[in-house]
Structure formats: C-alpha cells, structure tokens
Amino acid sequence: MKNNLKIERAIKNITQADLADLVKVSRQNINAVETGKYVPSTVLALKIAQVFGKKVEDIFILEETD
Amino acid sequence: METKLLFPSRFKKIGWLLLIPFTLLGIMKLFYSDSFEFDFLDYDSGNPVKGFFNKGGDTLFNLSSNNFTDEIISIGLILGLIFTAFSKEKIEDEWTAKLRLDSLMWGVYVNTILLLLSVVFLYGELFWQVMILNLFTTLIFFIIRFNFILWKENNTDKAS
C-alpha cells in the first residue's frame, strides 16, 4: 500500500508530530505509516483522512502486490 | 485502542529503577555464587524442625536455615522486568500495541534459539548457570527489542 501522507502534510504544512497530536497517536506511529512500515487500522486511516478533509482512497492507495 | 493488562506508564520508571540495580546484583550472584551473600538475610531456625510438608527437600515450611540473598535478587529482578516490559507507553496506540506483540514473539524466538544452542553445546555446571539466566532472558530480549525500535523510530525523520 502506498500513501501520500508526506505530500498531504506538506500541502497542509504540518509536521509528523502535529498530525500525531491531531489523531491522538504517537509520532512514531505516523512515521511508520508514512514510510510504509506499518499499515494503519481502518479507524486511524479514516481519522487521518478527516484531518486532510479528503477520502481515504486519496491518501492510501492499494498496490498490485497487496 | 484500549490495551488492557498493562501497568500505568509511571511503572516503567519504577521498573527501570528496580531492574538496573537488581541486574547488577544478579550478575554478582551468578559469578560469585555462595560467597556473594548479605548477612542480614541469613535465617536459622536453630534446630532442624520437622516441617509441615517435610517430605525431603527444603521448602518454605520446613526450612531450618537459609540465606535469602538469591531469593530477594530474583524477586527484585522479576518485578523490575515485569514493570519495565508491561507498562503503558506515554502515548499508547495501535502501533505500540503491534510493536509490543512483534517484540514479544521476537524475544521468545531468540530465547528459544539460544536455549537450543545451549542444550547442544553446554554441559555440566555451565549449562545450569545458563538455565538460571534463561529464567529472565525472554523478557530481557523483549525489552531490548521493543525499546530499541521505539528509540529508532523516534530518531528517524525528527525534523519533518
């Protein structure tokens, strides 16, 4: 699964720590998601999408290998 | 995500405060064995009593004499390990829960592999010493792995 988290953050101009605070998780969690090391739960994905005011599919994209 | 069965996060600090001194004491005890004992932990009932469960070996109820240094060290070490290993992080979320589970499995694997190697390669007195260590190493490997990943993830990309 790919994600646009870094780009979305850049557009909104917030740091990983800011995003982590907004969705109430640790900064390490956001970093792990952003670097593709961790696939977030549906709840967390929805919360992140909500922060950016977008649909989950706009931020998290399925790959062929998934 | 609610994680039950974990101690409040302040127990992690208590855990480290117990773990570090008792680990050092434990190492001393393992190396110096019987010569490393505290006199104030000596117990002697005076006469070899016929105990409640007196069917041979010493138990708590038919003990005639013992030095409790090793018991105290073991209890301190176990409490230290449990508190350090199973306290909540400051921010507890689904990622830390997953990391905890992964690390626990990793710790058990590493411990089991080392156990296998020590069964094959170590004999006699040395084997028993490693067995004593083995009582604690699963949690030790877990703690090292869990905290290392936490630390590593905390230090990558801090600027962004």
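Hi everyone, let's start with two helices in chain B: the axes of α3(B) and α4(B) come within 8 Å and cross at roughly 150°. Axes here are lines fitted to C-alpha atoms, for helices over the stretch in contact, and angles run from 0 to 180 degrees between N-to-C directions. That crossing makes α3(B) roughly antiparallel to α4(B), a label for angles over 145 degrees. The contact includes Leu99(B), Trp106(B) and Leu115(B) of α3(B), and Phe127(B), Phe142(B) and Ile149(B) of α4(B). By "contact" I mean that the C-beta atoms of two residues, placed from the backbone, lie within 7 Å. The residues of this contact divide into 12 nonpolar, seven polar and two charged. In that count Ala, Val, Leu, Ile, Met, Phe, Trp, Tyr, Cys and Pro are nonpolar, Asp, Glu, Lys and Arg are charged, and the others, Gly among them, are polar.

A word on the model: it is predicted, local features need pLDDT of at least 70, side-chain atom pairs count only at pLDDT 80 or more, and totals for chains, interfaces and linings use all residues. Residues are numbered from 1 along each chain as its sequence is written, with chains lettered from A and ligands numbered from 1 in the order in which they are written. Helices are DSSP runs (H or I, at least four residues), numbered from the N terminus.

Now, which residues have the most contacts inside the largest nonpolar core? They are Phe22(B), Leu81(B), Ala85(B), Leu139(B), Phe142(B) and Ile143(B), in a core of 22 residues. Such a core is a set of buried Ala, Val, Leu, Ile, Met, Phe, Trp, Tyr and Cys residues joined through C-beta atoms within 7 Å; buried takes 20 or more other C-beta atoms within 10 Å, exposed 12 or fewer, and partly exposed is in between. Both chains contribute: α3 and α4 of chain A, together with α1, α2, α3 and α4 of chain B, each give two or more residues. The largest share, five residues, comes from α2(B).

How do the chains meet? 11 residues of chain A are in contact with 11 of chain B. On the chain A side, α3(A) supplies the largest share, four residues. That side has four nonpolar, seven polar and no charged residues.

Finally, two loop residues in chain A. Asn13(A), between α1 and α2, has a positive phi of about 55° although it is not a glycine. Lys24(A), between α2 and α3, has one of about 60°. Most residues other than glycine have a negative phi. Asn13(A) counts as exposed because it has 7 C-beta neighbours inside 10 Å, and Lys24(A) counts as exposed with 11.

Terms used:
Parallel < 35°, antiparallel > 145°, perpendicular 65-115°, else oblique.
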